[in-house]
Amino acid sequence: MTTATDRRTQGRADRRRHDREILALAVPAFGALVAEPLFLMADSAIVGHLGTAQLAGLGVASAALTTATGMFVFLAYATTAAVARRIGAGDRRAAIQQGMDGIWLALILSVAVVALTLALAPQAAAALGASPTAAPYAVTYLRISALGVPAMLMVLAATGVLRGLQDTRTPLLVAIGGFGANLLLNVGLVYGAGLGVAGSAWGTVLAQNGMAAVYLLVVVRGARREGAGLRPDAAGIRACARTGGPLVVRTISLRASLLVATAVAANLGDAEVAAHQITMTVWSFVAFALDATAIAGQAIIGRFLGAGDAPGARAATRRMVQWGIGSGVLFGLLMVAARPLYVPLFSSDPQVRHQLAAVLLLAALTQPVGGLVFVLDGVLMGAGDGGYLAWAMLATFAVFTPAALAAAALGGGLVGLWWAMNLFMLVRAAFLGHRARTGRWLVTGAVRA
């Protein structure tokens, strides 16, 4: 007969087991995830001292570029979930083969992204409200950065393969090397070679291509070891595209919300958009840090469901939610306490610093909610619940957009915009929390039917 003491002892043992697994995946994932915002933070810090117009141009270009490439983040997320399910079902060869199909899809998609970015860079800068002084810098950065898009998309897909294989250590090592190279190249090209904003873009492109080369070496070596094919498989590529379709809708809706925020800030003035860029850079850094638990969730939940263990998936979700909220509290406090350390790195303009005083506090306010949102996002992605994620993000966009536009129209300025950003996070939390409670996402099997 099982006693209450036995149940408590078993509960503690299960929590410790989940904690070990979450930490083993999330800690290395944290380092890899923060590489992307660190690239942007390094670019912002280096370019920011060239002038406010240059920083504003970088802010607009970064928003356009991350939107153009960010809609394909499903290459990482869907690949992680699909590969993890195959691993849970005990079929490692099929898992790696699915990952290779994702990499080929990344290469195919990058051709269109590069062409469109090169052709439409001026229109993109204008659409995002870049001022006449900031627009030339935005166009320069966009057009050079387009050359790094194939590497960026391949990195996404290859990262998904390794995460699905329960390996977050290799992406960490690649990210550390990539960030170091990016920082050194940017300093050398921006100031040493005197290339300005163009030097920053070239440094990032070179670093991204180096990272892609390392990832390809690791994945191809694994494919050969398991006997998986390296040639493109049309059926497999189409399957990857179908799986990623709902996540594209979800990501476009997310990016559209962030673009609306950037456009509203840009129309407020150069100081406002520069301050918004800095706040978004810090906010993105913290978001990626909190997303480490979500990455662990994608891999763990996919593996549990692939093995047919729905109760294990639910128990792991409860523990990851606790981790997410606790991490959000910690990062929110750090965001506020560390302001004297990081604000001077980005700008010496007193107008920009004045704008930052209030909006950084607002950005910190909802970090615990962000921790919950990112974990549940990762859990549902790991379960392959892309359809619901697409619908929920579309609805969130429909709520956020009028709120952001109203904040500007009513004279709320940048502070009003960031109140709308906090509403954005609260609405996401409501939708994801509801889905998690229903249990409809708990679909087991090597492939989600």
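Where does Pro-132 lie? Pro-132 sits in the loop between α5 and α6 (135–145). The legends below take this and other close-ups in turn.

The model is predicted, so local features need pLDDT of at least 70, side-chain atom pairs count only at pLDDT 80 or more, and totals for chains, interfaces and linings use all residues. Residues are numbered from 1 along each chain as its sequence is written, and side-chain values use heavy atoms, with hydrogens and water left out.

**View 1. Pro-132 in the loop between α5 and α6.** Pro-132 counts as exposed, at 77% relative accessibility. Exposed means over 50% relative accessible area, buried under 20%, and partly exposed in between (1.4 Å probe, protein chains only). Gly-57 is 75 residues from Pro-132 in sequence. Their C-alpha atoms are 9.8 Å apart. Helices here are DSSP runs (H or I, at least four residues), numbered from the N terminus.

**View 2. Helix α4 against helix α5.** Helix α4 covers residues 74–88 and helix α5 residues 92–127. Their axes come within 8 Å and cross at roughly 165°. That makes α4 roughly antiparallel to α5. Axes are lines fitted to C-alpha atoms, for helices over the stretch in contact, and angles run from 0 to 180 degrees between N-to-C directions. Angles under 35 degrees count as roughly parallel, over 145 as roughly antiparallel, 65 to 115 as roughly perpendicular and the rest as oblique. The crossing of α4 past α5 is right-handed, meaning that the near helix is turned clockwise from the far one by less than a right angle. On the α4 side, the contact residues include Phe-74, Leu-75 and Arg-86. On the α5 side, they include Arg-92, Gly-99 and Leu-109. Contact means heavy atoms within 4.5 Å. By class, the residues of this contact are ten nonpolar, four polar and two charged. Ala, Val, Leu, Ile, Met, Phe, Trp, Tyr, Cys and Pro count as nonpolar, Asp, Glu, Lys and Arg as charged, and the others, Gly among them, as polar.

**View 3. Ile-301 and the largest nonpolar core.** This core holds 136 residues. Leu-75, Ile-301 and Trp-418 touch the most other members. Helix α11 (residues 270–306) supplies the largest share, 21 residues. A nonpolar core is a set of buried Ala, Val, Leu, Ile, Met, Phe, Trp, Tyr and Cys residues joined through side-chain atoms within 4.5 Å. Residues up to four places away in sequence aside, the contacts of Ile-301 include Ala-313, Met-320, Val-379 and Trp-441.

**View 4. Helix α11 against helix α15.** Helix α15 spans residues 367–382. The two helices pack at an angle of about 35°, with axes 7 Å apart. α11 passes α15 in a right-handed crossing. From α11, the contact residues include Trp-283, Leu-290, Asp-291 and Ile-301. From α15, they include Gln-367, Gly-371, Phe-374 and Val-379. The contact of α11 with α15 has ten nonpolar, nine polar and one charged residues.

**View 5. Helix α10 beside helix α16.** Helix α10 is residues 234–266, and helix α16 is residues 386–409. They pack at about 10°, with their axes 7 Å apart. That makes α10 roughly parallel to α16. Seventeen residues of the contact are nonpolar, five polar and one charged.

**View 6. Ser-257 and Met-393 in the contact of α10 with α16.** Ser-257 lies in helix α10 and is buried, with a relative accessible area of 1%. Neighbours within four places in sequence aside, Ser-257 contacts Phe-397, Phe-400 and Phe-424. Leu-394 is 137 residues from Ser-257 in sequence, and 9.6 Å away between C-alpha atoms. Met-393 lies in helix α16 and is buried, at 4% relative accessible area. Beyond four places in sequence, Met-393 is in contact with Arg-250, Ser-253, Leu-254, Phe-424 and Arg-428.

**View 7. Gln-166 in the loop between α7 and α8.** Helix α7 is 149–164 and α8 is 169–192. Phi of Gln-166 is near 70°, a positive value in a residue other than glycine. Most residues other than glycine have a negative phi. Gln-166 is partly exposed, with a relative accessible area of 22%.

**View 8. Ala-64 in helix α3.** Helix α3 covers residues 52–70. Ala-64 counts as buried, at 15% relative accessibility. Ala-64 touches Ala-124, Leu-128 and Leu-142, not counting residues up to four places away in sequence.
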